[in-house]
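Trainee: I would like to go through this structure with you. Please set each value against its definition.

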Amino acid sequence: MSTHAKRERLLLADLLEAAGPDALTLCEGWKTRDLAAHVVVRERRPDAAAGILLSPLRGRLEQVQAEFASKPYEELIQLIRTGPPRMSPYAIKQVDEGANTVEFYVHAEDVRRAQQGWTARELDPVFAEALWVRLEKAARMLCRKVPVGLVLRRPNGQTAVGHRGTPVVTVTGEPGELTMFAFGRQDAADVEVEGDKDAVERLHGTKQLGI
């Protein structure tokens, strides 16, 4: 059975291939070649990928990622499509689903939404629910540094507290859009933002959302 992560992986590979190596992405400073290299390093070079979360190892990560970015673009796309090596933890279906569903969704949208004329994807209800479940669990970590209180709300009324504090800003949208917002893609997320004007401006101006 196809998993959400597998489907998003293949979609991401297709989008990267169609865009070419030098297209813009929503990841500041990265073109599609850089994004492809990031995905490959994250799965295939755990020694370097640790730098994603550990700042003392950031230099090593950047060095290895630059090495991969210099490879033929078609090779990077194929490595994404085929997935991690058999001995990698990511090769385990449950790990892949847990770690990569949101990762690949966000990066696929990083490619799509950086292009002119993009339109929002209509997500199937099962996938939307999977994104919401993950967002509920990760909201406080993703939003821990925002300068205001933050509540994420679905149109059906379900909410997740991203950050406790006052004044409170409420962001309403479908799970995919809230996911993009919480991962720092505020300007490209189709959401409604309600709250004190100054608080809303502070939230929009922050770079403290996401990992």
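Mentor: Start with Thr-179. Leaving out residues up to four places away in sequence, Thr-179 touches Val-102, Tyr-105, Val-106, Leu-131 and Leu-135. Contact here means heavy atoms within 4.5 Å. The model is predicted: local features need pLDDT of at least 70, side-chain atom pairs count only at pLDDT 80 or more, and totals for chains, interfaces and linings use all residues. Residues are numbered from 1 along each chain as its sequence is written, and side-chain values use heavy atoms, with hydrogens and water left out.

Trainee: Where is Thr-179 placed? Why is Thr-179 called buried?

Mentor: Thr-179 sits in helix 8. Helices are DSSP runs of H or I with at least four residues, strands are runs of E with at least two, and both are numbered from the N terminus. Buried means under 20% relative accessible area, exposed means over 50%, and partly exposed is in between, with a 1.4 Å probe and protein chains only. Thr-179 has 1% relative accessibility, so Thr-179 counts as buried.

Trainee: How is the chain divided into domains?

Mentor: Into domain 1 (3-114) and domain 2 (139-205). The bounds come from an automatic or database domain assignment. The C-alpha centres of the two domains lie 26 Å apart. Their contact takes 9 residues from domain 1 and 9 residues from domain 2.

Trainee: How much area do domain 1 and domain 2 bury between them?

Mentor: About 640 Å², with 66% of it on carbon and sulfur atoms. Buried area is the accessible area (1.4 Å probe) that two parts lose on being put together, summed over both. On the domain 1 side, Tyr-105, Val-106 and Arg-113 supply 63% of the area buried against domain 2, more than any other three residues.

Trainee: What makes Arg-185 and Asp-110 a salt bridge?

Mentor: The rule asks for a side-chain nitrogen of Lys or Arg within 4 Å of a carboxyl oxygen of Asp or Glu. The closest N and O atoms of Arg-185 and Asp-110 are 2.7 Å apart, and the pair forms a salt bridge. Between domain 1 and domain 2 the count is 2 salt bridges. By the rule, the count comes to 18 salt bridges.

Trainee: Is Arg-185 buried or exposed?

Mentor: At 15% relative accessibility, Arg-185 counts as buried. Arg-185 lies in the loop between helix 8 (175-182) and strand 4 (192-194). Neighbours within four places aside, the contacts of Arg-185 are Leu-26, Cys-27, Val-106, His-107, Asp-110 and Met-180.

Trainee: Why do Glu-17 and Arg-81 tie together parts apart in sequence?

Mentor: The two form a salt bridge, with the closest N and O atoms 2.9 Å apart. Glu-17 lies in helix 1 (residues 4-19) and Arg-81 in helix 5 (residues 73-82), so the pair ties together parts that are 64 residues apart in sequence. Glu-17 has a relative accessible area of 48%, so Glu-17 is partly exposed. Arg-81 is partly exposed because its relative accessible area is 24%.

Trainee: Which residue forms a salt bridge with Arg-154?

Mentor: Glu-129, with the closest N and O atoms 3.0 Å apart. Arg-154 lies in the loop between strand 1 (149-153) and strand 2 (159-163) and Glu-129 in helix 7 (residues 125-142), so this pair ties together parts 25 residues apart in sequence. Arg-154 has 10% relative accessibility, so Arg-154 counts as buried. Glu-129 has 33%, so Glu-129 counts as partly exposed.

Trainee: Which residues are linked in a network of salt bridges?

Mentor: Arg-7, Glu-8, Glu-109, Arg-112, Arg-113, Arg-121, Asp-124 and Glu-177.

Trainee: Why is Gly-149 called buried?

Mentor: Because its relative accessible area is 0%. Gly-149 is placed in strand 1. Residues up to four places away aside, Gly-149 touches His-163, Arg-164, Gly-165, Thr-166, Pro-167, Val-168 and Val-169.

Trainee: Which kind of peptide bond joins Thr-166 and Pro-167?

Mentor: A cis peptide bond, with omega about -10 degrees. Most peptide bonds are trans. Pro-167 lies in the loop between strand 2 and strand 3 (168-172).
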